[in-house]
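Here is a short note on the charged side chains. Please keep the structure open while you read.

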Amino acid sequence: MSNSFSPPPVPGRLASIDAYRGLVMFLMMAEVMHFAGVAAAVPGSPVWDFLGYHQSHVEWVGCSLHDLIQPSFSFLVGVSLPFSLASRSAHGQSRRRLFLHALWRAAVLVALGIFLRSLGSPGTNYTFEDTLTQIGLGYPFLFLLGLRPQRDRWIAVALLLVGTWVAFVLYPLPDPTFNLMDVGVPPDWPHLMNGITAHWNKNTNLAWAFDRWFLNLFPRSEPFAFNGGGYATLNFIPTLATMTLGLIAGEVLRNARTARGKVGWLLAAGAISMAVGWGLGELDLCPVVKRIWTPSWVLFSGGWCFLFLGAAYGVIDGFGWKRWVFPLVVIGMNSIAAYLMSWLIEGFIGDALNRHLGAETFRAFGDPYERVFHGAAVLLIMWLLLYWMYRRKLFLKI
């Protein structure tokens, strides 16, 4: 273990990127421990209230740790792209072949997202607001930006954010007689906004209107009226801005700066981006809303992503403290497999544990904590499966 702060001689695969991605996937997989359920069963506990809050999405404006999972995953797609392009180009792949692969990857991500969202449905559930479909819809554009210089990427981020803001503001507010209950929003919902920020209210905004048209072009058991969480297909446009911020960060990690210089750049970018995003919300110019990926959310969450990446790179690849993040690296190097496990076999593992060990096994510390210990057991088994794949170099890639 090195105790000097110096960059690796060749910027190859960085453990910090895998560890950060592993942390993101771990947080997603850890939903199986149901902290919010424990908080509800143990009212008045500040510890469980804190854990429950940060393992849940906020209802509209604001941010929890759980809300940073999707932007981090999207950001890391951008971070990884410069390394992937450099590696594939070094192996002689032409730009045409690289772009065709990008299109293929985008199509598979969209199809996989729809497939997973259709589980348990009587037919195909055509929806495009989940993590995989959002990344897939924006990935070809991200690839093209990956071929451009940093200046063009910054310009693209600015155009995406300003264009999204203008488009939402220009979309007319609903008539005062509009019945919010028709779009799943109670009239006394505490998160309704006024003034210019009303253009980003739940299920009365531009993105909702687009989905009322777009999603009804697909076969459906009943017409699409609204998304219960307020999520929307058009989120992929500002999500592309998030991925482009990651692309910019990835290029910084590949350039000739010292490790200290890279960390300083990432931390400074994170602080500035977060401050601007937060400020736009505080000035009532644009609310910080993850569910419709507002421009201020891009900047605020992107700031957190820069900070996480900067801290991870400094500690793990700068100082060389890599052994302690190995459990996260195991997950991060097989993120697609981890994602699929959480969707496809989490329930199977949980049922098997109850069947063979008995549900009472997990009630040793009281009924409210059964879900935590049961979930921890499920999480451990999924990690062991990923570790088995890691040892055998079995990595799912798209």
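Is Asp152 buried or exposed?

1. Asp152 is buried, and its relative accessible area is 14%. The cut-off for buried is under 20%, so the value of 14% qualifies. Bear in mind that this is a predicted model.

2. Now look at the partner. Asp152 makes a salt bridge with Arg151, and their closest N and O atoms lie 3.3 Å apart. Arg151 has a relative accessible area of 59%, so Arg151 counts as exposed.

3. Next, turn to helix 1, which covers residues 15-29. The side chains of Asp18 and Arg21 form a salt bridge there, at 3.1 Å from N to O. Why are Asp18 and Arg21 about one helical turn apart? They sit three residues apart in helix 1, so about one helical turn separates them. Asp18 and Arg21 are both buried.

4. Asp317 and Lys322 form another salt bridge. Their closest N and O atoms are 3.8 Å apart. The cut-off for a salt bridge is within 4 Å, so the 3.8 Å pair is counted. Asp317 is buried, at 8% relative accessibility. Lys322 is partly exposed, at 41%.

5. How many salt bridges does a search of the whole structure find? The search finds eight. Those described above include Arg151 with Asp152 and Asp317 with Lys322.

Note on methods. Residues numbered from 1 in each chain as written. Predicted model: local features only at pLDDT ≥ 70, side-chain atom pairs only at ≥ 80, totals over all residues. Heavy atoms only, no water. Helix = DSSP H or I, 4+ residues; strand = E, 2+ residues; numbered from the N terminus. Buried < 20%, exposed > 50% of the residue type's maximum accessible area, 1.4 Å probe, protein only.
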